[in-house]
Amino acid sequence: MNREIIQRLYGLEITGIEKSAVGAGSDTYFITCKDGRYVVKFPSASEINHPESEPALCEFLLSKGVCASEFLKNSNGQYISADENGRKFHVQKFAEGKVYDLNTAPSWLLKESAALLGKIHRALAGYPPLPEGIGPNFFRFMTPETALNSYQNTLTIAKENGPTEIAEDLSYRIGLMQRFPRYHFDMDLLTRRNTHGDFFISQLICGNKAINAVIDWTTACVHPVVWEIIRSYVYASPKCREGRMDIPEFLDYLSAYLEYAPLTAYDIQTMPSLFYYQIAVCDYYGQYYQSKAENREIYLHQAVFSTKLMKWFEENLQILTEELAARFLK
């Protein structure tokens with residue numbers, strides 16, 4: 001990161017720089033200046049990242065009372081800048097607080113994060129449509145057949161590079177794809193809305209039993225909202241640490257969300273199988289081997305964790321579906 005460019009474009013005289021070890025792909029720096037602390041982020045070049053949309057989106061959310069990121073404009077009046085190599089970056093105010101590790105959320109944070117997600121979806125209903133996330137194209141190209149082929153290719157890499165546990169997980173995924181149910185999801189019936197796109201515990205800056213800010217809106221898009229709900233829960237709850245959902249706790253989590261945003265009967269009925277499908281057909285192990293990021297172990301954690309979840313869903317999908325119907329579809 002070039003200090004001179006930051007000072008020239010933003011008038012910030014840097015006295016200290018610390019590179020974040022969280023996140024994969026993007027480069028994020030915490031800078032200390034005479035007038036406070038800021039975050040400089042270089043988003044990774046990816047079709048799912050939209051850094052040019054993030055500042056305006058956050059400005060809108062702040063106007064609706066949602067604690068999003070606050071961005072700085074450069075000397076040209078723009079939110080997006082470029083370094084000497086043409087790499088895009090932006091600068092935002094540093095949000096004070098604590099970030100909880102995966103699966104360490106206290107009970108108050110579980111409830112507040114679910115409620116906040118509901119508030120976000122309610123607020124973003126009045127925002128222009130964001131890029132498509134999980135939609136018709138996802139299900140057209142991400143099929144059990146394509147996943148099976150990907151897992152077989154990655155298994156070859158795993159056998160050559162190790163560790164043994166990855167090969168074992170991939171063998172399970174290959175077997176699962178060969179017996180995977182034929183799901184059909186009606187995109188016209190699912191509630192698909194503007195959402196954060198990566199809303200989970202690591203994106204929440206927390207104070208004393210309160211969420212101070214939601215960060216990293218680079219992947220904001222249109223998703224089925226139930227996917228973001230269940231995903232945010234499994235990465236937050238300590239009871240899910242080993243990849244097993246606590247159904248009563250999740251029902252309470254969903255109740256907190258529903259206080260602020262509605263779901264249809266089809267959303268609730270489809271939620272478990274939709275999430276199960278998504279984690280089953282995505283080759284996170286392939287991402288791990290292909291990544292050149294210093295902290296690519298994040299991909300491996302996601303891969304191992306999702307495999308544990310898949311094993312739980314294979315045995316408990318029907319139970320979860322029935323419990324959701326009993327609680328919310330009376």
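In the predicted model, D27 has a relative accessible area of 19% and is therefore classed as buried, the limit for that class being under 20%. The residue belongs to strand β2, which spans residues 27-33. Leaving aside residues up to four places away in sequence, D27 is in contact with K19, V40, K41, F42 and R87. Two members of this set, K19 and R87, also make polar contacts with D27 through their side chains, at 3.4 Å for K19 and 2.8 Å for R87.

Both of these pairs also qualify as salt bridges. Side chains of opposite charge can pair when their charged atoms come close. For D27 and K19, the N to O distance is 3.4 Å. K19 has a relative accessibility of 37% and so counts as partly exposed. For R87 and D27, the N to O distance is 2.8 Å. This second pair connects distant parts of the chain, with R87 placed in the loop between β4 (81-82) and β5 (88-93) and D27 in strand β2, a separation of 60 residues. R87 is partly exposed, because its relative accessible area of 31% lies between the limits of 20% and 50%.

A search of the whole structure returned 12 salt bridges. Among them is a bridge between the side chains of E145 and R182, with an N to O distance of 2.5 Å. This pair likewise joins distant parts of the chain: E145 lies in helix α5 (residues 144-161), while R182 lies in the loop between α6 and β6 (192-195), and 37 residues separate them. E145 is partly exposed at 40% relative accessibility, whereas R182, with a relative accessible area of 68%, is exposed. Through shared partners, salt bridges connect K19, D27 and R87 into one network.

Helix α6, covering residues 164-179, contains R173. The relative accessibility of R173 is 0%, so this arginine counts as buried. Not counting residues up to four places away in sequence, R173 touches Y151, I279, A280, C282, Y284, Y285, A303, S306, T307 and M310. The C-alpha atoms of R173 and T264 are 31 Å apart in space, and the two residues are separated by 91 positions in sequence.

A further local feature is the hairpin of β7 and β8. Strand β7 (residues 204-206) and strand β8 (residues 211-214) run antiparallel and are joined by 3 bridges. C206 is positioned opposite I211, a residue of β8. Between the strands of this hairpin there are 4 residues, and K209 adopts a positive phi near 55 degrees.

Technical notes
Residues numbered from 1 in each chain as written. Predicted model: local features only at pLDDT ≥ 70, side-chain atom pairs only at ≥ 80, totals over all residues. Heavy atoms only, no water. Helix = DSSP H or I, 4+ residues; strand = E, 2+ residues; numbered from the N terminus. Polar contact = N/O pair within 3.5 Å; in protein donor to acceptor, adjacent residues only side chain to side chain. Contact = heavy atoms within 4.5 Å. Pairing = 2+ DSSP bridges. Buried < 20%, exposed > 50% of the residue type's maximum accessible area, 1.4 Å probe, protein only. Salt bridge = Lys/Arg side-chain N within 4 Å of Asp/Glu carboxyl O.
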